[in-house]
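Here's a walk through the fold, written for someone who likes to know the cut-offs behind the words. Have the structure open while you read.

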Amino acid sequence: MSFYNENYEEYIDRTINADMGDIYKFFLKYAKTRGKLLDIGFGSGRDMLYFKSLGFDTYGIDPEPIFVSKAKEKGLEVECIDINDCFLEYDKYDYIWACASLLHIKKEKLNQVFIICSNLLKDNGIMYCSFKYGEFEGIIDNRYYTNLNEES
């Protein structure tokens with residue numbers, strides 16, 4: 001997490017206006033109602049702002065205090081929580097959005113994180129998550145990555 005603490009301004013500037021149109025369109029095909037959406041590892045807050053503008057009831061968690069502080073400045077409802085240590089209420093969310101965030105979790109812990117996410121979702125809830133493609137697991141640019149492919 002020290003990477004994001006030290007480089008948060010550059011990271012926010014680089015990601016806040018990224019074109020997510022195709023990914024949003026894909027997700028919205030399944031998100032038929034505008035319910036409660038949990039954004040895990042929201043970073044710049046880009047996705048929360050978008051979903052909030054569409055009428056979703058958004059809430060975000062991120063383990064990096066600087067992202068939490070910056071998101072609160074944008075009027076977003078967020079908390080400094082690591083998904084590995086999540087204590088949020090179960091069966092609460094219609095949707096979970098974890099865009100390029102769970103890829104920072106070690107592969108051996110992913111199953112437990114998916115169980116946590118499953119417990120946070122209401123019955124028939126929908127979760128979107130994304131990973132870098134491949135079989136790499138390790139540190140790049142001072143950040144830990146778990147890349148996945150179809151098999152993994």
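## A buried methionine, then the rest

M20 comes out at 8% relative accessibility, so M20 counts as buried (buried is under 20% relative accessible area, exposed over 50%, partly exposed in between, with a 1.4 Å probe and protein chains only). This is a predicted model, where local features need pLDDT of at least 70 and side-chain atom pairs count only at pLDDT 80 or more, while totals for chains, interfaces and linings use all residues. Residues are numbered from 1 along each chain as its sequence is written, and side-chain values use heavy atoms, with hydrogens and water left out.

M20 sits in the loop between α1 and α2. Helices here are DSSP runs of H or I with at least four residues, strands are runs of E with at least two, and both are numbered from the N terminus. Setting aside residues up to four places away in sequence, M20 touches R46, D47, W97 and C99, where a contact means heavy atoms within 4.5 Å. From M20 to K74 you count 54 residues in sequence and 19 Å in space, C-alpha to C-alpha.

**The sheet and its helices**

The open sheet has 5 strands in the order β3-β2-β1-β4-β5, with parallel pairing; two strands pair if DSSP finds at least two bridges between them. At the edges are β3 (78-80) and β5 (121-129), each pairing on one side only. From one strand to the next, the twist averages 20°. Axes behind such angles are lines fitted to C-alpha atoms, for helices over the stretch in contact, and angles run from 0 to 180 degrees between N-to-C directions.

Inside the sheet, β1 (residues 36-40) and β2 (residues 57-62) run parallel and are joined by 5 bridges. D39 stands opposite G60 in β2. Helix α2 (residues 21-30) packs on the sheet, touching β1, β4 (93-98) and β5, and its direction makes about 160° with that of β4. Meanwhile α4 lies across β2 and β3, at about 160° to β3.

Where does α1 kink? Helix α1 (residues 2-15) has a kink of about 80°, centred on Y8; the bend at a residue is the angle between axes fitted to the seven residues ending there and the seven starting there. F3, Y4, Y8, Y11, I12 and T15 are the buried ones in α1. What covers them includes α3 (46-53), α4 (65-73) and β7 (143-146).

In α4, the buried residues are I66, F67, V68 and A71, and they pack against α1, β2 and β3. After α4 comes G75, whose phi is positive, near 80°.

**The cores**

In soluble globular proteins, nonpolar side chains tend to be buried together. A nonpolar core here is a set of buried Ala, Val, Leu, Ile, Met, Phe, Trp, Tyr and Cys residues joined through side-chain atoms within 4.5 Å. The largest one has 20 residues, and L38, I40, I61, I83, L88, L102 and L120 touch the most other members. Two or more residues each come from β1, β2, β4 and α5 (107-120), with α5 giving the most, 5 residues. I61 touches L38, D39, I40, G41, F42, E79, I81, I83 and L88, again not counting residues up to four places away in sequence. A second, separate core of 13 residues includes Y11, I12, F67 and V68.

**The hairpin and a loop serine**

Strand β6 (residues 137-140) pairs with β7 in the antiparallel sense over 4 bridges, and G138 has Y145 in β7 as its bridge partner. The two strands form a hairpin with 2 residues between them, and D141 in the turn has a positive phi of about 50°.

S101 is placed in the loop between β4 and α5. Its relative accessibility is 13%, so S101 counts as buried. Leaving aside neighbours within four places in sequence, S101 is in contact with I40, G41 and S130.

**Cysteines**

With a disulfide taken as a pair of cysteine sulfur atoms within 2.5 Å, the count comes to 0 disulfides. Two of the cysteines are tabulated here.

| Cysteine | Nearest cysteine sulfur and its distance |
|---|---|
| C80 | C86, 12 Å |
| C86 | C117, 7.8 Å |

C80 has 42% relative accessibility, so C80 counts as partly exposed. C86, at 16% relative accessibility, counts as buried.
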